[in-house]
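Subject: Structure handover

Hello,

Here is the structure we talked about. Please open it and keep it on screen while you read my notes.

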Amino acid sequence: MKRLFIAGAGGFGREVAAWARDFCEAEKDWQLAGFLDDNPHALGDFPCDLSVVGTVDQQHFGPDDRAFVAICEPRVKMQIVQKLAGRVQFATIIHPTAIVGSHCKIGAGSILCPGTVLTTNVTIGDHVHLNLKVTVGHDSQIGSYSTLNSHADITGAVIIEEAVFMGSHAVVLPRGHVGAFARVGAGSMVLRHVAAGDTVLGVPAHRV
């Protein structure tokens, strides 16, 4: 039986714990081991079926153990991945209700939450989070460490570079391009291009 650890016991970690449980039930030979978090009280008073069982720095992993990082902020996610790299293999979590079309590639440590749809010839990098009902159209690429929140809509032939953060219901129109470490506000619509590191908001999206 493979033990599955969740790095990060915050809000997204607790959400993903439920999706990971569905994943484990579908895969049969996995079991959830608990959260890894530097704060042993990270769960606070929130009811949760799992507990914080260790820290990212001090957890000892067995050869069959797997882990994934459930922290939305891309820069923090990168830091935690760097701490875990070489110590444990990263699990890719694809919820049983997600739809993955033909010729799609999904990187290690990525999470596809319920209702996610990848159409065809989509490439998802490593440690990408696609939250509830995100859709990614044909020939699009999502860079490693990016986080796309619920209902984000990536249309056809879009390029999202590394470590982009997109709020819920954000849209990128066909052949749009979002540079590395950019942030796209909730409900915004990208018509063509967002420069690396920029924050954009609105319809159409403008730099703020």
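This is a predicted model: local features need pLDDT of at least 70, side-chain atom pairs count only at pLDDT 80 or more; totals for chains, interfaces and linings use all residues.

Residues are numbered from 1 along each chain as its sequence is written, and side-chain values use heavy atoms, with hydrogens and water left out.

**Strands that pair**

Some terms come up at once. Helices (H or I, at least four residues) and strands (E, at least two) are DSSP runs, numbered from the N terminus. Two strands pair if DSSP finds at least two bridges between them.

Start at β1 (2-7). Six bridges join β1 to β2 (residues 30-36), and the two run parallel. Leu4 has Leu32 of β2 as its bridge partner. Between β1 and β2 the chain passes through helix α1 (residues 11-27), and this β-α-β crossover is right-handed. Right-handed means that, with the strands pointing away from the viewer, the path from the first strand over the helix to the second runs clockwise.

β1 also pairs with β4, again in the parallel sense, over four bridges. β4 in turn pairs with β5 over two bridges, in the parallel sense. There, Ala67 has Phe90 of β5 as its bridge partner. The chain gets from β4 to β5 through α2, in another right-handed β-α-β crossover.

Buried means under 20% relative accessible area, exposed means over 50%, and partly exposed is in between (1.4 Å probe, protein chains only). In a regular strand the side chains alternate between the two faces of the sheet.

Now look further along the chain. Six strands form an open sheet with parallel pairing, in the order β7-β10-β13-β16-β19-β22. β7 (99-100) and β22 (189-190) are the edge strands, and each pairs on one side only. Inside this sheet, β10 (residues 117-118) and β13 (residues 135-136) pair over two bridges. Val117 stands opposite Thr135 of β13.

**Helix α2**

Which residues of α2 (residues 74-84) are buried? They are Pro74, Lys77, Met78, Ile80, Val81 and Leu84. An α-helix has 3.6 residues a turn, so residues three or four places apart point the same way. The cover over these buried residues includes β1, β4 (66-69), β5 (89-90) and β12 (129-130). Just after α2, Gly86 takes a positive phi of about 90°.

**His129**

His129 sits in β12. At 1% relative accessibility, His129 is buried. A polar atom of its side chain lies 2.8 Å from the backbone oxygen of Val69. Leaving aside neighbours within four places in sequence, the residues in contact with His129 (heavy atoms within 4.5 Å) include Phe12, Cys72, Lys77 and Thr147.

**Cores**

A nonpolar core is a set of buried Ala, Val, Leu, Ile, Met, Phe, Trp, Tyr and Cys residues joined through side-chain atoms within 4.5 Å. The largest has 26 residues, and Leu130, Ile154, Ile160 and Met166 have the most contacts inside it. A second, separate core has 22 residues, including Cys24, Leu43, Phe68 and Cys72.

**Salt bridges**

How many salt bridges are there? The count is four. The rule asks for a side-chain nitrogen of Lys or Arg within 4 Å of a carboxyl oxygen of Asp or Glu.

- Asp65 and Arg3 meet at 2.7 Å, N to O. They are 62 residues apart, with Asp65 in the loop between β3 (52-54) and β4, and Arg3 in β1. Asp65 is buried at 5% relative accessibility, whereas Arg3 is partly exposed at 30%.
- Asp57 and Lys83 meet at 3.8 Å, N to O. Asp57 lies in the loop between β3 and β4 and Lys83 in α2, so the pair ties together parts that are 26 residues apart in sequence. Asp57 is partly exposed at 46%, and so is Lys83 at 34%.
- Arg207 and Asp198 have their closest N and O atoms 3.3 Å apart. Arg207 is exposed at 64%, whereas Asp198 is buried at 15%.

Best wishes

Definitions and conventions. A polar contact is a pair of N or O atoms within 3.5 Å; within protein, one must be able to donate a hydrogen and the other to accept it, and residues adjacent in sequence count only if both atoms are side-chain atoms.
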